[in-house]
Amino acid sequence: MLIAARNEAENLPALLQDLQQQALPLTHFEVLVVDDHSADATAAVVRQWAAQVAYPLRLISLTELSGHLTGKKVAIQAALAAARAPWVVCTDADCRVPPGWLAAHAALATEAAVQLVSGPVLLTGRGWLAELQGVELAGLVGVGAAGIGQGRPTMCNGANLGYRKTAFAAVGGFAGNEHVASGDDEFLLHKIQAAYPAGIRFLSEPTAIVRTAAQPTLRALLQQRVRWASKWRHYQQPAPRRLAVLVLLANLALFSGLLLSFFQPQLRLWTLAAWALKLGADGWFLLPVLGLFGRRRWLAWLPLLQLAYAPYALLTGLLGLRGGYVWKGREVEK
């Protein structure tokens, strides 16, 4: 199991404790934490926990291995080079995992045809901002699962991802997109799907749900979403590009129709019908995903999310095209 960590001394203990509670026998997996030039006590925390947990826990320091090289992709490649198991599972240092998480991944890893497994990620937190983020991410999880089910995967989440080391090597790992700071998950998904069209699976099990905290402020949320959006223009596969454009145009059309209806009353009925159709379709699509998460009450946020989504998506998309952003105290250029 691989964890890339930068300045995560505060978050790592909870995750490392979760791994101590795994249903999978503790001798059946090892945990590699890669310290990405942290300025806090991340390395010390890992060493402390390595002395007290029952599973093998190893620290890898990018400072010692790679000198000036930084970033999650470099960290993952360093961990893969040191990993002894043929199958790796990735999550983030600020995540929480349930006891059945690794066992759920291991069950699919035994299938010879399976090369990559994507799992669900749930956002946690209190208040309107956290729940709106939760609904948005649930939609992305649903789209990712549907694409995998159709044999046309478009997205996944590196906080809950597993794959064969041989598949990673066969597609050249991150070669071709190593210059893009984000996308350690989706670029790899697209490459493995192209090489192994029938080798992608989605884990739709409650025992496989990884939880992570929603962004606490609008500023932090925008920084995260800009980081996500910055990879869109680097997609090599047409399906993810078409999907991103379609979603943006559909939401812009709804928002524009709403604005125009204030000046042209004859459009109001058509606008109302379009909004009702979109909200009904979104609710129908999200219901099983939110059911998996035990968050069906979040459906009540759909109208507000729909209203805000067009300017929000346009802003993050444009900022993502610009490319530069700050993440974990590090300035990332496009």
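Q: What makes a residue a contact of N157, and which residues are in contact with N157?
A: Contact means that heavy atoms lie within 4.5 Å of each other. Leaving aside its neighbours within four places in sequence, N157 is in contact with S118, V121, L137 and D185. The model is a predicted one, in which local features need pLDDT of at least 70 and side-chain atom pairs count only at pLDDT 80 or more, whereas totals for chains, interfaces and linings use all residues. Residues are numbered from 1 along each chain as its sequence is written, and side-chain values use heavy atoms, with hydrogens and water left out.

Q: Why is N157 called buried?
A: A residue is buried when its relative accessible area is under 20%, exposed when it is over 50%, and partly exposed in between, with a 1.4 Å probe and protein chains only. The relative accessibility of N157 is 18%, so N157 counts as buried. N157 lies in the loop between α6 and β8 (161–164), and its C-alpha atom is 18 Å from that of L222, which is 65 residues away in sequence.

Q: Why does Q133 count as buried, and where does it lie?
A: Q133 has a relative accessible area of 2%, and is therefore buried. This residue lies in helix α6, which covers residues 128–149; helices (H or I, at least four residues) and strands (E, at least two) are DSSP runs, numbered from the N terminus. Not counting residues up to four places away in sequence, Q133 touches L123, A214, Q215, L221 and R225.

Q: What makes R211 partly exposed, and which residues does R211 contact?
A: With a relative accessible area of 32%, R211 is classed as partly exposed. R211 lies in strand β10, residues 210–213, and its contacts, apart from neighbours within four places in sequence, are D94, C95, R96, L122 and T124. From R211 to L304 the C-alpha distance is 24 Å, and the two are 93 residues apart in sequence.

Q: Why is V245 called partly exposed?
A: The relative accessible area of V245 is 47%, so V245 is partly exposed. V245 lies in helix α10, residues 238–261, and its C-alpha atom is separated by 21 Å from that of L304, 59 residues apart along the chain.

Q: How do you know that Q21 is partly exposed, and where is it found?
A: Q21 has a relative accessibility of 45%, and therefore counts as partly exposed. Q21 is found in the loop between α1 and β2, and although Q21 and G100 are 79 residues apart in sequence, their C-alpha atoms are 8.9 Å apart in space.

Q: How do you know how compact the protein is for its length?
A: The protein has 12 helices and 12 strands. Its radius of gyration is 20 Å, close to the 20 Å that the globule rule gives for 334 residues, so the protein is as compact as a globular protein of that length; the radius is taken over C-alpha atoms, and the rule is 2.2 Å times the number of residues to the power 0.38. Buried residues make up 49% of the 334 residues.
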